[in-house]
Amino acid sequence: MPESKRIEIQVLRYRPEQEDVPVWQSYYVPFTDDMSVLQGLQHIKDDIDGTLSFRWSCRMAICGSCGMMVNGIPKLSCQTFLRDLLPGPVRVEALSHFPIERDLVVSVEPFVKKLESVKPYIIPKKPRSLDQGEYLQTPEQLEQFEQFSSCINCMLCYAACPQFGLTPDFIGPGVLALAHRYNADSRDGGQAERMEIMSTEEGVWDCSAVGYCSEVCPKHVDPANAVNQNKVNSAKDYFLRFLSPKGASK
Amino acid sequence: MNARAGVRRPYVRSMQGWWRRDPFFMAYMAREMTAFAVAIYAVVLAVGVMRLAQGEAAWNGWLAALRSPGSILLHLVLLVSFAVHAKSWFEIMPKTMPMMFVGGRRVEASTITRTGWIATLVVSVLMFALTWWWKK
Amino acid sequence: MDVFKADVAIVGAGGAGLRAAIAVAEADPSLTIALISKVYPMRSHTVAAEGGAAAVTQSHDSLEAHFHDTVAGGDWLCEQDVVEFFVGQAHEEMVQMEHWGCPWSRTADGRANVRAFGGMKIERTWFAADKTGFHMLHTLFQTSIKYPSIKRFDEHFCADLIVDEGRVQGVVAIEIATGQFRMIQAKSVIIATGGAGRVFRENTNGGIVTGDGMALAYRHGVPLRDMEFVQYHPTCMPGTGLLFTEACRGEGGFLLNKDGYRYLQDYGLGPASDKPRNKAMELGPRDRLSQAYWHEKQKGRTLSDPRWGSYVHLDLRHLGEQKLRERLPQIYELAVEYLGVDPAKECIPVLPAVHYTMGGITADGNTAAPLPGLYSVGECSSVGIHGANRLGSNSLTELIVFGKVAGVQAVAYGKTVSHGKEATLRKLAEDAERRALALVARSDGTERVATLRREMAKSMEEGCGIYRTASTMQSTCDKLAELKQRYKRVQVDDHSKVWNTDWLLAIELGFLIDVAEAMAHSALNRRESRGSHQRLDGFEARDDVNFLKHSLAHYRGADAPQIGYGPVKITTSTPATRAYGAAGEEADRKAKEEAVHA
């Protein structure tokens, strides 16, 4: 067995019952070239310090649990490899722009509340009974929204978004992309209802097109696109209100 | 409330100096700053139009001012700012547009950016040619 | 202790739990549903499922064909009446998912597309790119938001069931963010907590798949059924065990040994052909493919790497980059990012890893456990459709077909009972709280959680692997007994209340050891080979005379579980030889001939 190398992982610890302010702690972890940052953290928890708390599950970048800042960049720790961070030290911190509950665990509840607020479900354009079978949807129609449906709710985009950091009420890239996913689905007729939420200040208009959200998205959802193309829709909707007393729905 | 329960004390980190934390943010701030360059140049041009309306002497005075070393330096800075402005806005432009398909294939973001640059080049060449021909 | 009163409590918010919650909400909007999950719903392991969900769709397909494939795939250990019900409901549930927005992949004319899958005679697997579980889970979660009667308890760890007067009356949960205990009183409880793959070392499962609900039901006297049947998925990533979907093979991938030879043809799955043939070669059932790998390894024909040991090649090069990026985009990314392999140019290293737990909480066709008020659905449950080996794409369908059944049944049951006395139940809840807290209070423990977990996982891999012998299984049983003793002295590092995951991992370890014991003892006692339980010690053949029955593991506290047996319901399909490849085609042809002459 070749002698294993070691790499230093520095973690921003925060134990609310013990300290008032987060503090950096250093660990030395044996290194192999296929190890992810997550595996490094697991080694720390298993064999060095069981008090380190962090979320994780699938290990394959699909559950969205393990988002954290690695050397200052929002990453999924299961998909970030120590070999790319040599010689170290690797600095690991809870996802930016979120309050830290404990160590690498941030408050997720507000994000989930925002997700719930944009009516992220099909509001059928035309009713259809189960025995009529599936709605017809061509591959081209599917392509209109499939990309935006790939969001794993990992919140890396929120950690990347300075507007969210400055204005925590901003609905944010991920949730607005989800709203767009439904708006763009040929089966859905809920655009007007969602427009009311999306065209508020906390909706698309808090976005200043920084574009970092799309850079960090591990699933290539391109939330910046979802948000910014809806600024046009929102503006259209606003101005068309003056032409039609009912407002421009659809 | 359960007496045994631990008290949550979420820690909120400061946003002070946020734009210095990541090169991406610094590039973004540079982009935003170039909006000032656009504003400044708009003022320069507005002054020019005003001088034009005030007669030949005023107009020649304005042209002379433009040729001063201070002005040339300013214009160089503005030119660089405009280049940064154009580059960063053409990069973000695809984000503002809905999905487009040409001949059944999805139009890539890079195509949109490239189209922006090509349009800029074409218009710039046309403007040069026009002013050159006009001067003659 | 906080008390929340609900009509139905659902533990686990994956595909099955969410579907059950929606079913309750739709059946009776006036009922309160407590949906309790130790993770946010979108983190549930349903999210990782890739390949698809089976439902008879094409006009040349039939319920009989899906029924037969499933029963034969399960090596005749299925409850055939339940399978009949299952195949009949599948299509409607797929359409329901579609109406709720699931982005199923489509044919050119806009209908839902279906693809071939292992062990299925005719293409009937609905799919959403290669992320079907992800899309189903997110569709269900987002749809569940429509129903105000679903009250979610996100990041609440279920520490115990509350059982009184011979029936289930609620659960005790820990709010992970604060360490606070909550009692959720309910007239019925649906367990949808998933499988227990984490008892093994190499597995495709997420960290949360620790058999929580199985262990809780088990400890309260509900037998765990058919626990020895653990599925090894043939194509997983070496090192991490991450899954490369069966759809890779459905799209035409090959499995090659170190000589570049498609070795499956040597194991009754041939002959090899260029285009995929259903139920042949790489589209054979998972247990056969994993077993073929094991034989190749014994013969020294597998490849080897110092990091991982032995493996074989999954060859997708002939599909071409465009088709790969379109049909298997997630696989593409997995191979490139984790292994540095471009599937369009190189073969992907793969090997079998533990993937699915066929067994689970004993459930009848209505998902009801022998304990009144308790229902179970999904991987944690043994409702009887998978038997000794599960066919790929049957389990995603299972979540929604039986999720709905569980919800409807829980509503019906709730009408026949009333809430128990809060004071009595509160006392039981406080007992459960004390037991859970004893783990974190201890300061003189000598064992580390991770050490015990590793020893368990290694032992299970050795004793309850793809092939088993009495001596390896006995060693594992002995080891687990030892671990159970050592667990009593486990020491947790973290004594805090806010987000103490060290403590929760220790509780999960307890669940894992109990479930592992049920698996190992059930395996040792089944003296035959059937489906995914294969022995090399004189019991290599299937024994329908003595073992055409379900194993039932009964919890005996500190002692080893007692293994009993229960009958298997046979309706129209009498046990026959499982035939795939050319033999399968021959058997089908003969059966058709006989049907014509009859």
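In H7(C), the residues Arg286(C), Asp287(C), Arg288(C), Leu289(C), Ser290(C), Gln291(C), Ala292(C), Tyr293(C) and Glu296(C) are buried (20 or more other C-beta atoms within 10 Å of their own; exposed means 12 or fewer, partly exposed in between; C-beta atoms are placed from the backbone). They pack against strands E13 (230–236), E16 (309–315), E17 (348–357) and E22 (534–535) of chain C. Contact means C-beta atoms, placed from the backbone, within 7 Å. Just after H7(C), Gly300(C) has a positive phi of about 75°.

The model is predicted: local features need pLDDT of at least 70, side-chain atom pairs count only at pLDDT 80 or more, and totals for chains, interfaces and linings use all residues. Residues are numbered from 1 along each chain as its sequence is written, while chains are lettered from A and ligands numbered from 1 in the order in which they are written.

Helices (H or I, at least four residues) and strands (E, at least two) are DSSP runs, numbered from the N terminus.

In H11(C), Leu425(C), Ala429(C), Ala432(C), Glu433(C), Ala436(C) and Leu439(C) are buried. Their directions from the helix axis to the C-beta atoms fall within an arc of 105°, so they line one face of H11(C). On the other side, Ala423(C), Arg434(C), Ala438(C) and Ala441(C) are exposed.

The contact between chains takes 44 residues from chain A and 46 residues from chain C. H3(A) gives the largest share of chain A's side, three residues.

Technical notes
Contact = placed C-beta atoms within 7 Å.
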